[in-house]
Amino acid sequence: MSAGEQRGSSRREVVVDLAALDSTMGELVGGKAANLGELINAGIPVPPGFCVTTDAYRRMIEVTGPVHAHEPATAREMLCGATVPTDLAEEISSAYRALGEDVPVAVRSSATAEDLPNASFAGQQDTYLNVVGAEAVLDAVRRCWASLWTDRAVSYRDSNDIDQSTVHLAVVVQRMVDSEVAGVMFTANPVTGTRSEFVVDASPGLGEAVVSGAVNPDHFVVAADGRVLDRRIGDKHMAIRSRAGGGTEHVELSTEDYCVTDEQLKQLVELGKRAQDHYGSPQDTEWALDSDGALWLTQSRPITTLYPIPESTKDGPRAYFSANVAQGVFAPFTPAGLAGMQLAMGAGARRAGIPVADPLDGPPIFTHSAGRIYVDITTALRNPVGRTFIPRLFGMMEARSAEIFQQLTEDPRFALTTTKRGPTLRKLVKTAVRLGAPPRAVHALLRPEAVRANAFRYAEEIDQLTRTRPGLTAEQRLDFITRIFTDITIPRVVRVMPVVLGTFALIAAMPKIIGDPDSVDDVRVVLKGMPHNVTTEMDLELWRIAKHGSDGDLDRFLAKYGHRAVAEIDLGVPRWSEDPSHVRGMIANYRRVDDPEWAADKQFEKGVAEAEAMIEELARRAGRRGGLVRTALRRIRALAGVRELPKYCLVLAFARVREQLKLVGAELAASGAIARADDVFFLDFREAREALRGKDFTALVTERRADYERERRRRHVPRMLLSDGTEPEALGAAVDGALCGTGASPGTVTGVARVVLDPVGAELHPGEILVAPSTDPGWTPLFLTAGGLVMEMGGPNSHGAVVAREYGIPAVVGVARATQEIVTGQTITVHGSSGSVEVS
């Protein structure tokens with residue numbers, strides 16, 4: 001009979017054997033205690049021990065009285081100074097004695113809020129190593145309880161919107177592994193996202209040296225089959241070791257050898273696979289090798305910073321492009337917003353002759369992940385026409401994506417499946433003819449004013465035909481939503497697109513027409529102060545209201561533009577007409593501009609003048625072709641403003657669909673299928689129809705709202721992503737002449753350096769780059785405003801690196817003499833993928 005079973009009849013079971021944790025610790029969502037218990041049950045080598053459950057913490061709160069997050073110092077004093085109830089103290093002591101006579105143990109905190117999908121809580125509560133004796137264990141448990149209320153832990157929970165009153169703490173007590181070598185292993189590459197790579201940091205002694213960033217450990221990237229893909233030796237100048245009688249000590253080292261062998265790395269990978277298979281997701285683990293060569297897993301928790309891989313029904317490697325990033329919308333879509341985009345694009349694909357069984361499902365190349373839309377660009381990557389066309393398209397709208405696309409063409413997994421262009425070009429021509437694109441594009445260049453007038457007439461028709469119709473049933477409104485896209489909006493947008501694409505093609509051809517390939521930037525000047533742009537006209541109208549308008553003018557503005565919003569391509573987002581606070585805020589900002597030269601209308605007029613002057617300059621530069629160049633550039637200015645019209649029409653359609661869904665939501669709320677009317681935006685269109693027929697969606701909506709709010713806090717969204725989880729942008733190259741370290745958190749940032757040697761009393765202005773010798777959880781508040789991180793010590797799995805990834809700030813660690821080489825106030829560029837730091 002286990003210790004847990006022997007105590008099962010007690011009034012309160014507050015101490016249990018780890019093997020019994022599956023049934024008693026369900027409230028620990030991903031916490032260390034639950035993890036270790038499950039791993040023991042799965043036969044994975046974990047040091048034996050027991051858990052002081054959250055019931056024990058609650059009993060201590062009964063003794064001390066309520067603790068308050070706004071008084072963390074008082075809370076800590078209350079818990080550290082309180083006497084543990086006699087029966088609880090005896091139960092903990094008895095469980096400790098069962099592990100052996102004065103056996104050294106590790107005492108670890110495990111809070112109920114730990115390791116949530118969006119927060120790792122790495123190091124936020126305390127751990128005590130090599131604790132010896134029952135009295136020392138009781139004291140360590142009490143200090144673990146108190147560490148729930150450290151300033152850093154309270155601040156961290158606040159930043160993650162976690163209700164302080166709901167948090168409790170369990171304490172795990174494990175037999176100490178007196179390790180010869182220890183460290184951290186991620187079962188997926190936390191920097192690149194690659195799921196088939198294991199990243200290992202190792203150093204002699206206890207793993208605390210690696211986790212805390214006290215040393216530069218040996219660093220390895222290992223393939224799933226055990227092959228070492230990359231290795232970097234660390235200086236490992238010290239080790240933390242257990243001290244006789246309890247506690248730990250720092251011991252100086254001098255070694256130039258790797259501290260683990262390739263065979264041991266293979267064993268580590270196999271151990272990591274077992275943990276990952278058990279939990280069903282990539283894991284952040286700590287491990288130890290004892291003096292007998294036995295390998296132990298001392299902790300396992302999910303990696304919280306990996307971006308989920310987009311859904312796909314296709315086999316083999318795939319490459320995905322983020323439509324969210326392309327549109328500047330980094331927040332997740334609501335489920336209704338995703339459904340609206342799928343329907344609009346599905347209707348467009350059908351119109352282009354692409355097989356789509358049901359427009360509600362969207363085109364086959366559309367997928368999503370974490371509430372964001374991704375487009376499968378694999379076929380384009382493997383096709384010579386795609387390799388020519390896609391970079392040019394990206395280059396006009398999102399230059400960095402064009403660079404990454406070119407980078408992927410060198411990946412052998414996306415090698416060309418054909419070298420022939422003919423079949424693809426014939427398909428594209430057939431589609432263009434089907435849509436009437438060639439004659440419309442030619443007509444636009446010959447008669448730009450007439451074609452532009454037609455385009456705006458289509459927008460007026462969409463405005464009229466999508467207005468709310470009285471007397472429709474809720475079912476009929478859902479039918480009308482489909483028709484808004486399939487029969488009204490998409491057919492008219494398709495007629496406008498050839499004008500836009502034809503203008504883009506002419507812009508791209510202008511350097512050749514001019515006869516000067518270096519005139520690309522000059523051609524862009526011609527696009528300044530562009531007329532007939534609905535977005536520019538809206539901004540200028542708002543400027544006029546700010547400077548000379550009245551409330552009546554604002555009402556008229558909202559009547560015309562109230563269908564727009566921030567993140568407006570998500571129909572689940574309220575429109576300005578529903579909540580004009582953002583518009584009022586923009587007006588307030590405009591009114592603060594008191595320099596006439598920075599007035600929006602003056603800036604626009606200045607742009608017009610520069611464009612007109614550049615037209616004449618380019619015409620002069622073209623010599624005998626000057627007349628052709630002048631005519632072509634004036635055609636561009638007459639038509640380029642239309643580029644905003646297709647999106648304007650789509651957003652108008654989304655706003656009208658939103659109006660219909662609000663009416664459907666009111667009916668569903670009245671029937672009890674959802675709790676309130678705006679819950680309808682957390683259903684897709686098919687689910688809304690099911691709800692009308694009586695299905696209860698209240699529980700699903702609650703779950704989706706929680707997911708949505710959690711995703712809103714995600715700090716980094718990859719612009720491209722591969723099906724193995726790799727983020728191509730994170731595969732950076734080192735910069736010549738830069739300070740070198742190890743890439744720990746992907747991305748590049750340029751900012752002012754702030755060298756901080758001690759976090760106490762330190763100030764870090766928003767956007768400044770923190771340069772530090774090392775960091776522990778006490779530094780965490782500085783991360784909230786940091787634009788990037790440079791550390792002298794630590795590996796990519798140390799505390800500072802983990803938190804930097806979670807906050808989405810680029811980080812480089814292990815940069816020797818960084819606090820001496822970099823001076824506060826210097827401008828530096830941190831390349832968090834390649835591991836280099838440029839000093840200007």
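Rings of Phe, Tyr and Trp (its six-membered ring) pair if their centres lie within 6.5 Å; planes under 30 degrees apart are stacked, over 60 edge-to-face, and the rest tilted. With that rule, Phe557, Tyr561 and Trp576 form one aromatic cluster.

Some ground rules. This is a predicted model, where local features need pLDDT of at least 70, side-chain atom pairs count only at pLDDT 80 or more, and totals for chains, interfaces and linings use all residues. Residues are numbered from 1 along each chain as its sequence is written, and side-chain values use heavy atoms, leaving out hydrogens and water.

Back to the rings. Searching the whole structure gives seven aromatic pairs. Take Phe557 and Trp576. They are stacked, 6.5 Å centre to centre, with 25° between the planes. Phe557 sits in helix H22 (residues 551-561), and Trp576 in the loop between H22 and helix H23 (581-591). Helices here are DSSP runs (H or I, at least four residues), numbered from the N terminus.

Is Phe557 buried or exposed? Buried means under 20% relative accessible area, exposed over 50%, partly exposed in between (1.4 Å probe, protein chains only). Phe557 has 2% relative accessibility, so it counts as buried. Trp576, at 8%, counts as buried too.

Next pair: Phe682 and Tyr708. This one is edge-to-face, 5.5 Å centre to centre, with 80° between the planes. Phe682 lies in the loop between H26 and H27, and Tyr708 in helix H28, so the pair ties together parts 26 residues apart in sequence. Phe682 is buried, at 6%. Tyr708 is buried as well, at 13%.

Terms used: Helices (H or I, at least four residues) and strands (E, at least two) are DSSP runs, numbered from the N terminus.
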